[in-house]
Amino acid sequence: MSDRPAEDGSGTGGRAEPSSSARTDLHRGRTRGAGTVAAVDLGATSGRVILGRVDQRAGTLDLEHVARFPNGPVRLASGLHWDFTGLYRDLTAGLADAFRRETSVASIGIDSWAVDYGLLRGDRLLGEPFHYRDERNAAAVDGVHAIAPFAELYRRNGLQFLPFNTVYQLAAERAAPDGSDGCLGLADSLLLVPDLIAFQLTGRRVAERTNASTTGLVGVHTGEWDDELIERLGFPASVFAPIVAPGDSLGALRPAVAAQLGAPAGVEVVAVGSHDTASAVVAVPMNPESAAYISCGTWGLVGVELEHPVTTDAARDANFTNEAGVDGRVRFLHNVMGLWLLSESVRWWERDGEAIDLTQLLAAAASVTAPVAVFDADDARFMAPGDLPGRIAEWCAEHGVPAPQTRAEFARSIIESLAEAFAATVRQASVLSGVDVETIHVVGGGALNELLCRRTAERSGLPVLAGPVEATAIGNVLVQARAQGFASGSLEDLRALVASAFAPRRYEPSAR
C-alpha cells in the first residue's frame, strides 16, 4: 500500500519496506548457544512479564515469572476502553525488573489479544483504545455488510463473523455522533495493541501478520492488506503500517526507553506471534496431522493447524476462522466463549464484597451429581459484562430447561456447556478441514481446570492432553529464541523442546 507513515517515529513521509525474514531463516538452520529473552504476555484480565531461558542443545526451556499486573476495561463517557496508559506503565515496570534480574536479555517480544487498536497522530495517541466489548460495534455491522456482504468478506479474509472484528470497529469509528470520521479522520497511523507497544519501545510502526490477520482487512491468501476492500469501506489506506512476520527484528529500544528500563544498548524488540493464540499454538506439543488444540482462557480457541486456509461455504456457515500462524501456518478455528463465563459469574457474585474461592467452587461443582443445564455457550447474550448467572437462567427458561439453583450447579453447568461446545467444535473442525483428530491438546489456564479437561475428554470421546499452562509465553519465547539463534528448526522441532520440558497431563475418556 502506498503513502503509509514512515517507520522512524515521525509519522510523516513515505513507507519503508519491512526487513525480510532472511535473518529468521538463517537462524533456523543453526543454534549458537543458550540465551535469555523477555516475553510480555497481555491478556484480557492481566498481563505478565516472563523471562525465558532456552538452550536447545541441552534440551532445556525455563520460565521465570517477573511481574504480573491487572488489566481490564474502564468505562469513560465515550464507551468502554482499555487503560493503555496504565498497561504500558505496568509492563515497562515489569521489564525494568526483568533487566535488574538478568542483564543479558537479548530481546523483548510482545503478544496480546487481537482486534483492538490505537490511533496515532505523530507520536501522540488519540485517546485510550476502545475495548472490543464496547457496545458501539453492533450498529456498524449492517453498514459494512451493505458494502461487502459477509459471504464476500469470508472469501476475502477467511474470518468468522465476530461483531468486534477490527473492520466493524473502524466502521463504528467513522460513524461519530458529530458526523465526522472520529479519531480515524485525525490519525496518520493505526496500530494493533502489541504493535502499539512495540512502537512506544522502538519508534517503529509495523503490523505483525498473525494479529493483522484478525482485522478482516488482510487477504486470507496473500497475507497482505486488502487495498481494494479498504478503499471500498472508506478507510484511509495511509494509516495501515507495513506487515512483518514473526521473527523479524523491529529494531533496538529507543535510547530513552533503554535508560528507563536499565537495558544495555542494542537490546531489540522481535516480532513474535503477537496474537496470543498464535504464540500459544507454537507451544502446543502436537502432531498437526492428527490433533486439535484448545487454547483456553477468557476465550476458548478451538481448532486445528493447517498449511492452507479453508474458505468453503460449509466453513463459513460453521463460522470457522482462518487466522495466520507462525511460519505461514493457518489457525483454522472457532471462538468459543471460554472461561469468561465462569470468571464473570464469579465477579458478579462477588460484587457485594463476598470473596469466592475458585478452587472450592470447582470442587463443589465436581460433586454435583444431578444433571445440570447444558446451554449454548456461544449465545451472544453472554458477551457483555454483567449478570451472567441471570442470563444463563434466562436462556434455560427460554429453552424449557431447568435452571441451576446453587453456585455449584451454575459452575457445573458452565463447565458442562463449555466441554460440550469444545467437543462439538473439534468434531466440526475435523470434518471441515479433513484432519483426522485423535487427540485434543488443551493449553492455557484451562489446562489447570481438571473438571473441564475431564469432561471434554468424556464428551468428545478423545484423550485430552493438558498443558503447558504458559503456552502463550512459551511460544513468544521460542520465536524470539529462534530469531536470536538460541533455537532452530521447524515448529515441530520447537514443539519437541516444549514436550520434553513440560510434560502434559493425560485425561482418557471412559471406555465405551
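I take contact to mean heavy atoms within 4.5 Å. With that in hand, I looked up the protein chain: residues 24 or more positions apart account for 73% of its contacts with a separation of 6 or more.

A note on the source: this is a predicted model, where local features need pLDDT of at least 70, side-chain atom pairs count only at pLDDT 80 or more, and totals for chains, interfaces and linings use all residues. Residues are numbered from 1 along each chain as its sequence is written, and side-chain values use heavy atoms, with hydrogens and water left out.

Next, overall form. I found a radius of gyration (over C-alpha atoms) of 22 Å for the protein chain, which agrees with the value near 24 Å that a compact globule of 512 residues would have; the globule rule is 2.2 Å times the number of residues to the power 0.38. The C-alpha trace spans about 65 × 60 × 50 Å along its principal axes.

Then I checked secondary structure. I got 18 helices and 20 strands, as DSSP runs numbered from the N terminus (helices H or I, at least four residues; strands E, at least two).

Strand β7 (residues 117–121) pairs with β9 over 4 bridges, and G118 has L191 in β9 as its bridge partner.

Notes
Pairing = 2+ DSSP bridges.
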